[in-house]
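Reader: Hey, I'm new to this one. Can you walk me through it?

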Amino acid sequence: MAMDSNSNKLPVMWNAFWVVLLASWVCSVTASVSYDSRAITINGQRRILISGSIHYPRSTPEMWPDLIQKAKEGGLDVIQTYVFWNGHEPAPGKYYFEGNYDLVKFIKLVKQAGLYVHLRIGPYVCAEWNFGGFPVWLKYIPGINFRTDNEPFKAQMQRFTKKIVDMMKAERLFESQGGPIILSQIENEYGPMEYELGEPAKAYSDWAAKMAVGLGTGVPWVMCKQDDAPDPIINTCNGFYCDWFSPNKAYKPKMWTEAWTGWYTEFGGAVPYRPAEDMAFSVARFILTEGSFINYYMYHGGTNFGRTAGGPFIATSYDYDAPLDEYGLLRQPKWGHLKDLHRAIKLCEPALVSGDLTVMPLGNYQKAHVFKYKSGGCAAFLANHNPRSFAKVAFGNMHYNLPPWSISILPDCKNTVYNTARVGAQIALKKMVPVPMHEGFSWEAYNEETASDVDSSFTVVGLLEQINTTRDVSDYLWYSTDIEIDPGEGFLTNGNSPILTIFSAGHALHVFVNGQLSGSAYGSLEFPKLTFSQDVQLRAGINKISLLSIAVGLPNVGPHFEQWNAGILGPVILNGLNVGRRDLSWQNWTYRIGLEGEALNLHSLSGASSVEWVQGSLVALRQPLTWYKTTFDAPAGNAPLALDMGSMGKGQVWINGQSIGRYWPAYKASGNCSDCNYAGTYDEKKCLTNCGEASQRWYHVPRSWLNPTGNLLVVFEEWGGDPNGITLVRRETDSVCADIHEWQPTLMNYHMQASGKVNKLLRPKVHLECDFGQKISAVKFASFGTPEGVCGSYSQGSCHAHHSYDAFNRLCVGQNFCSVTVAPEMFGGDPCPSVMKKLSVEVICS
C-alpha cells in the first residue's frame, strides 16, 4: 500500500534518533508504564485493560462522579477521553478550563475512583464534534493547511499539545509521576488521510510522533488507525470488530482504542443501536486473538450541549447506545452483560498475558482458542462463528452447546462461566413521564423581525460564504436584497407566480418575501448542499427578499478543513419574468450575522427583560422566527430530566442562560427499522429505531443547571411550532425483564465450584431490580417453558408451566429488588421434561 511504501525511505539519521529515543524512553518508564508484545505493563505487571470513553464536556461536573463509579462497577480499569481544543481555547491565547471543561478535575475524579486514564490529546478529535475539535479561528491564520506538513498548523498544534501536557505534569497526573494517566494519543485516525494526501502527510505524521514523544510524559503514546505509526508509538485499531488487526511491530501490544458500542444519531436519520450479544461477541473475539486493551467508544455518550455538535446534522443527543445512556442511567442489558464479560475475562487474565496460544478447529465454523501457561493454568474460548445455527462441540473430554454467533469462556479450560449470546443481566425498558405542573408552562413571546438595515448589517456586491462571514459565532446569517418588479410584468395579471431558485452549500434555509415565510429547504449529513426552488408572491414595486441561512454544526471529518464552506454561494435566480430570468447573485446584498434576539441575549436572565414580550392569548402559535420564554420550579427527586420538544419545528433552547442545544423534531427519521437479530456482522445501518418519527424528541436538562424556583426557559423557533406542547419529563424505568435459559452458565456457579463449596451445577437465577425509589408493582408476564418474543411483547410458547407467575408474585411484588431461581420446582414442576426450557419474565416498576 502507498501508506507503507514511504516508511523504507526514512533517513538513516532519523532511524538512529528513534533507536536512541526508544531505548531512553523504555528505560525511563520501566518503573511505571511500558509495553511488550502481550500487553501494557503497569509497574512490571502485564494487564488486560478494559477501558471506556466518557467525554467530560458531554456531561456536567455534577454527573462525573456517578458516571465514573458506574464505569468502575461495570468492570472498567480505564477511562478514555479526548481533549477538546475549541472548548479550551475559544480565542487565541484565551484559555477555558472551568465548568464541564474542567479537565484536571475530571482526571482527578477518575484517580479518586481508583481507575486509570487514557488521554487522547489529538488535538484533532473528530468525535462528531463541531469542526472536529479545532477552534474556527485556526482557519484564519495566514497560510494554514490543516493536518499536513504545514508550518503554521504544526506550530499551533505543538503549542496546544504542549500546553495540555505541561498542565498534566504540573498537576502530577501522569502515571510516571504517580498519577492516573497511563497512555496518551497524538493525532487521530490519520491513516486514511495520509493515504489520500501522500508525502506531505507522511512527513506530518512522523513529525507529530516525534513531537509527542519529545514531550517526555513517561507513558506510551498511541496513534489510532495509523498503520505506519513510527516507533515507539503503538498503532491501534478502531471499528465494530478488531480481531483481524495486528500492530505494525511484533513487540507492540494489540490494542483496540474504539470498540463502537453503537453509532451516532443525525437529524433526519433513524437511531442506531447495537445488540449486547454482538458487542460481547466482538470483544471476546478480540481477546481470543491476543488483544489486551479494549476501549468502548462510547461507554457514556452524553449530550452535545450548545452548538458543539458537528457533522453537520449531528443530533444534540450523543447517546451512542452506550452502556450508560445519555442521562447516565444503566442501559440494560448492555451494561450488565458486559460487566459479566469483564469478570469472565479477568478470570482468564493470567493465562492471557503469559500463556501460549493454541488454536484448534472444532467444526466448520467452530474453533477453540486455548491459552496454557507454565504453572499449569489454562483458559479456553470456544467460538461458533455460524450466525444461523447452534453447534455441539467436543473439547477436552466434554461436550459444549454453543449458540449461533457466540463465544463461551472457560477460565479453567473446563467450566463455562459465560457465553456471549446468553444474557444473564436484566433488560430495562425506560419511559419519559411528564412532570406534574400546575397548568403547565405559561408562555410569553417575542417576534424576531426579518433582517432589516440595522447598525450591525453591511452591504456588498455578490454572495458571501457563511463560515468566513460569521466565524461561527452564530448558526445564522441573513442575506437580503431588493427586487424591483415593473407594473407591466405579466405574472401580476396571469397568476403564474415567478419561481425563485437558490443554490446553497448548506445546511438549512428559510426564505422570506416581504416579511412572510415563503418556504424552507435543508440538506442532510450525507448531502449538506440544498436547492430551494418555489414560486414566490411578488408585487409591483420594491420587494424585500430575506434569506436566513443556517449552519447545523461544522463538519468534523475529512481533508482540507481550511476549505470547507456553507451558506448561499449561488446562483440565486428568479424565473418567470417578461425577460425570462433574472440572476440576483451579483446584486447588492445586505448581511447580518446572527439574530436580533442573539444580539439582545434574550436567552439570558438580563437580556430577557430588555424587550416587551406578549402574553396570554396574544401569544401566536406556529409563527416563524419566534422567541418564547417561561419560568418553572425544579421538580422534586433526582430522576434525570428532559424537555419533550415534539410539538416544535426547529430551533435552539436554553435554561437559565445555558444552551441545551439545537432541537429539530420536525426532521423525521428515514431508514429501515425492521427486526434485528444479534447474530451476523454488525454495521451502523443494521439495527435502527425511530423510523418515521423525530430523530430526537427529548432533550436532556441537567439537574445541576436548575435553581429550586424561577428557572428561565427560552426557546427560539425558526419554522413555527406550538410551545403549549412542550413538557418537562423525567426518565425512569417502566418495566424490567429477564430471559434466562435452564443451566445457563454463571460466574457464581464457577466460583462456588472452584472454592469447593459445591460439587454440582447450580441453577441460574433471575435478578430483577427497579430504579431507586421504585417498587415492583405487578407481574406483566412470566413463563417457564418455551416463551417467545422480546421484552415488552412476550407470549407463551407451546410449553408453559402454569404456576410461572406464582414465584414472582410471592417474592417480587412490593420489593425494589428480587431473585428467583430458574428451576422447575419454583414453577409447579417441569412442563416438558425432554425440552430445553427458558424463563421469560416482565415486571412493572412504579
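Predicted model: local features only at pLDDT ≥ 70, side-chain atom pairs only at ≥ 80, totals over all residues.

Reader: Let's start with helix 10. How many residues does it have?

Author: Helix 10 runs over residues 334-347, which makes 14 residues. From its first C-alpha to its last it reaches 20 Å, close to the 20 Å expected at 1.5 Å a residue.

Reader: And how many of those 14 residues are buried?

Author: Ten of the 14 are buried, so helix 10 is largely enclosed by the rest of the structure. Among them are Trp335, Leu338, Leu341 and Ile345, along with Lys334, His337, Asp340 and His342.

Reader: What about the peptide bond from Gln332 to Pro333, cis or trans?

Author: That one is cis, with omega near 20 degrees. Pro333 sits in the loop between strand 12 (291-300) and helix 10.

Reader: Which residues does the other cis bond you have for me join?

Author: Gly506 and His507 are joined by a cis peptide bond, with omega about 10 degrees. His507 is in a loop too, running between strand 24 (499-504) and strand 25 (508-513). For background, most peptide bonds are trans.

Reader: OK, phi angles next. What is the phi of Glu189?

Author: Glu189 has a positive phi of about 50 degrees, although it is not a glycine. In general, most residues other than glycine have a negative phi. You'll find Glu189 in the loop between strand 7 (181-186) and helix 7 (191-197).

Reader: Is Glu189 buried or exposed?

Author: Buried: Glu189 has a relative accessible area of 17%, and the cut-off for buried is under 20%. Asn690 also has a positive phi, about 75 degrees, and is not a glycine either. Asn690 is partly exposed, at 26% relative accessible area, and lies in the loop between strand 37 (688-689) and strand 38 (698-701).

Reader: Switching topic. Where does Glu89 lie?

Author: Glu89 is in the loop between helix 4 (85-88) and helix 5 (103-112). Glu89 is buried, with a relative accessible area of 0%.

Reader: What does the side chain of Glu89 reach?

Author: The Glu89 side chain reaches the backbone nitrogen of Gly93 at 2.7 Å. Leaving out residues up to four places away in sequence, Glu89 touches Lys94, Tyr95, Pro135, Trp137, Arg159 and Phe160.

Reader: Nice. How many salt bridges does the structure hold?

Author: The structure holds 38 salt bridges. In one of them, Lys108 pairs with Glu171, and their closest N and O atoms are 2.8 Å apart. That pair links distant parts of the chain, with Lys108 in helix 5 and Glu171 in the loop between helix 6 (151-170) and strand 7, 63 residues apart.

Reader: Are Lys108 and Glu171 buried or partly exposed?

Author: Lys108 is partly exposed, at 34% relative accessibility. Glu171 is partly exposed as well, at 35%.

Reader: What separates Lys162 and Asp166 in helix 6?

Author: About one helical turn, because Lys162 and Asp166 are four residues apart in helix 6. Their side chains meet in a salt bridge at 2.7 Å, N to O. As a rule, an α-helix has 3.6 residues a turn, so residues three or four places apart point the same way.

Reader: And which residue does Arg697 meet in a salt bridge?

Author: Arg697 meets Asp644, side chain to side chain, at 2.7 Å from N to O. Arg697 lies in the loop between strand 37 and strand 38 while Asp644 is in strand 34 (residues 641-644), so the pair ties together parts that are 53 residues apart in sequence. Arg697 is partly exposed, at 39%, whereas Asp644 is buried, at 9%.

Reader: Which residues are linked in a network of salt bridges?

Author: Arg47, Asp77, Lys346 and Glu349 are linked that way.

Reader: Last one: which residues form the nonpolar patch on the surface?

Author: Phe458, Val473 and Ile593 form that patch, with about 250 Å² of accessible area together. Val473 is exposed, at 60% relative accessible area, and sits in the loop between helix 12 (466-470) and strand 23 (476-485).

Note on methods
Residues numbered from 1 in each chain as written. Heavy atoms only, no water. Helix = DSSP H or I, 4+ residues; strand = E, 2+ residues; numbered from the N terminus. Buried < 20%, exposed > 50% of the residue type's maximum accessible area, 1.4 Å probe, protein only. Polar contact = N/O pair within 3.5 Å; in protein donor to acceptor, adjacent residues only side chain to side chain. Contact = heavy atoms within 4.5 Å. Patch = residues over 30% accessible without salt bridge, like charges linked within 9 Å, V, L, I, M, F, W, Y side chains within 5 Å. Areas by Shrake-Rupley, 256 points an atom, 1.4 Å probe, with all protein chains shown as cover. Salt bridge = Lys/Arg side-chain N within 4 Å of Asp/Glu carboxyl O. Expected span 1.5 Å × (residues − 1).
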